[in-house]
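Please brief me on this protein model.

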Amino acid sequence: SWDQITSTGLNIRDGWQTLADKHGFKINHWGLPSLTGFTINSEKSLAYKTLITQEMLAQGYLAGNSVYVCIDHTPDVVAEYFAALEPVFGIIGECENGRDVNSLLKGPICHAGFKRLN
């Protein structure tokens, strides 16, 4: 199972990179293949992370900028995920070229990490 999970995690990283390259923005990858994630290289990275979650929820995915990979992440499941994510990366590319990301958000921007909120 760990070979399958590692391979799937690396494929997901490749998919994120392909979409980021296609839409003209840079990302950094982090984590192990089994818990992999990315950060968009932008001052607006938290707004983009919020946008990804918002838009993917609208399509039935609880998704952000990381994935805990498991054996149920088959190639078909991963392909459907990327089909849903591709338009969101397109919007991020537009925002990096001047579109206002804040006008697209339906709620507050997510917090960075764990910290006391009061």
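This briefing covers strands, aromatic pairs and salt bridges.

This is a predicted model, so local features need pLDDT of at least 70, side-chain atom pairs count only at pLDDT 80 or more, and totals for chains, interfaces and linings use all residues. Residues are numbered from 1 along each chain as its sequence is written, and side-chain values use heavy atoms, with hydrogens and water left out.

**Strands**

- Helices (H or I, at least four residues) and strands (E, at least two) are DSSP runs, numbered from the N terminus.
- Two strands pair if DSSP finds at least two bridges between them.
- Strand 1 (residues 27-32) and strand 2 (residues 35-40) run antiparallel, joined by six bridges.
- Gly31 has Thr36 in strand 2 as its bridge partner.
- Strand 2 also pairs with strand 3 (residues 66-68), in the antiparallel sense, over three bridges.
- Here Leu35 stands opposite Tyr68 in strand 3.

**Aromatic pairs**

- Rings of Phe, Tyr and Trp (its six-membered ring) pair if their centres lie within 6.5 Å; planes under 30 degrees apart count as stacked, over 60 as edge-to-face and the rest as tilted.
- The whole structure holds five aromatic pairs.
- One of them is the tilted pair of Trp16 and Phe38, at 4.7 Å centre to centre and 55 degrees between the planes.
- Trp16 lies in helix 1 (residues 2-23) and Phe38 in strand 2, so this pair ties together parts that are 22 residues apart in sequence.
- Buried means under 20% relative accessible area, exposed over 50%, and partly exposed in between (1.4 Å probe, protein chains only).
- Trp16 is buried at 0%, and Phe38 is buried at 1%.
- Tyr61 and Tyr81 form an edge-to-face pair, 6.2 Å centre to centre with 65 degrees between the planes.
- Tyr61 sits in the loop between helix 2 (45-58) and strand 3, while Tyr81 is in helix 3 (residues 75-96), 20 residues apart.
- Tyr61 is partly exposed at 23%, but Tyr81 is buried at 9%.
- Trp16, Phe25, Phe38 and Phe89 form one aromatic cluster.

**Salt bridges**

- A salt bridge is a side-chain nitrogen of Lys or Arg within 4 Å of a carboxyl oxygen of Asp or Glu.
- By this rule there are two salt bridges.
- Lys22 and Glu86 meet in a salt bridge at 3.1 Å, N to O.
- This pair links Lys22 in helix 1 to Glu86 in helix 3, 64 residues apart.
- Lys22 is exposed at 58%, whereas Glu86 is partly exposed at 22%.
- Arg99 forms a salt bridge with Glu94, with the closest N and O atoms 2.5 Å apart.
- Arg99 is partly exposed at 36%, and Glu94 is partly exposed at 40%.
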